[in-house]
Amino acid sequence: MAKWGEGDPRWIVEERPDATNVNNWHWTEKNAGPWSKDQLKELLNNLKIAQNGIDCKITEVEKIDGEATANNRKGKLIFFYEWDIKLKWEGLLAGAKDKVKGEIHIPNLSEENDVSEVDMTVTIKGSGDEAQRVKAFMHNVGRDEIRKQLKEYIRSLKEEFSKGLILPKKGEAPVKPDNVSTITSGFNKKINMEPVVTSQNKQVGCKLDTKSIELSESFQCRAHEFYDAMTRIEMVTAFTQGHVKMEAEKGGKFSLFGGNVSGEFRELVPGKKIVQYWRYKQWPDQHFSEVTFNIEEKDDHTLVTLKQDLVPATEVDQTRDNWRRYYFDSIKRAFGFGAFL
């Protein structure tokens, strides 16, 4: 059998001066957090919004909490960003003496939502007819202007910050942004992970018949790479193509596939073992199975064995199929870790 780097051309490192991520095959990540904060401040701070005798301005970017990354996989760029932003603003109505001051809260700027769907709350300090008129102006006109700036941030993240993430192949000219295919994590692509549920499963207090599932699968990757694919939120988001909540630590909770799969990490041994309490949303209330992934790196592949205990008997076939379809095949497809059906 071939050793690492032999046989499959995807694992053969062609000669290049930097010896870096040949043909863009491997997953690479670039932290966009500090750049994003600077860019958002530049776009939002001192933003002027004026119309029909009302002059407003963003006076301070009070808070930007969150993170952003740009990732390259097989020449595809995948972006993750999630920001909680607070702004201070002031406005003056024509003929008025006192300025109206307030705040704007943007709690959910992320790739999960289109900019037009981003929540934005406008508040003011004080009251009175003039203050309410200026607040209404910021709510209707100001929010649209701020959304334009947020849209510009997303554009620059994808087109400017990501330059250099996709390297040219040997002998080729540098890759231009126009030639780069960019995708997000795929939140709009709904995957049906809902199992077949019988009326018996929904009965409260009945004895539940359970069985076990055992599977094994080979992946063309290192053991730590498969472990990362199961525990790093950006990689889990990439292969599940949906919103992910995850705390990869003992006792940490996770929620995948739109909440259809949830559970808790019970044991984590980097590159070797993952143990989870795991359930489908439509299983009987509070019923969890226990899933153990044993990860073993071989000479030319990584072998993953899965054992899942306490699976409702009526769900065994569906659950087994979904492990292969939505986990194993999806991981291979997303990261190039081997052939898939």
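Let's start with two helices. The axes of helix 4, residues 233–240, and helix 5, residues 316–335, come within 8 Å and cross at roughly 105°. Axes here are lines fitted to C-alpha atoms over the stretch in contact, with angles from 0 to 180 degrees between N-to-C directions. Helices are DSSP runs of H or I, at least four residues, and strands are runs of E, at least two, numbered from the N terminus. Helix 4 and helix 5 are therefore roughly perpendicular, a label for angles of 65 to 115 degrees.

A word on the model. It is predicted: local features need pLDDT of at least 70, side-chain atom pairs need 80 or more, and totals for chains, interfaces and linings use all residues. Numbering runs from 1 along each chain as its sequence is written, and side-chain values use heavy atoms, without hydrogens and water.

Who touches whom? Met235, Ala238 and Phe239 in helix 4 meet residues of helix 5, including Tyr326, Tyr327 and Ile331. Contact means heavy atoms within 4.5 Å.

Now the rings. The structure holds 17 aromatic pairs. Rings of Phe, Tyr and Trp (its six-membered ring) pair with centres within 6.5 Å; planes under 30 degrees apart are stacked, over 60 edge-to-face, the rest tilted. Phe226 and Phe293 make a tilted pair, 6.5 Å centre to centre, 55° between planes. Phe226 lies in helix 3 and Phe293 in strand 13, so the pair ties together parts 67 residues apart in sequence. Both Phe226 and Phe293 are buried, meaning under 20% relative accessible area with a 1.4 Å probe, protein chains only.

Last, the wider group. Ring pairs link a cluster that includes Phe226, Phe239, Phe293, Tyr326 and Tyr327.

Definitions and conventions: Angles under 35 degrees count as roughly parallel, over 145 as roughly antiparallel, 65 to 115 as roughly perpendicular and the rest as oblique. Buried means under 20% relative accessible area, exposed over 50%, partly exposed in between (1.4 Å probe, protein chains only).
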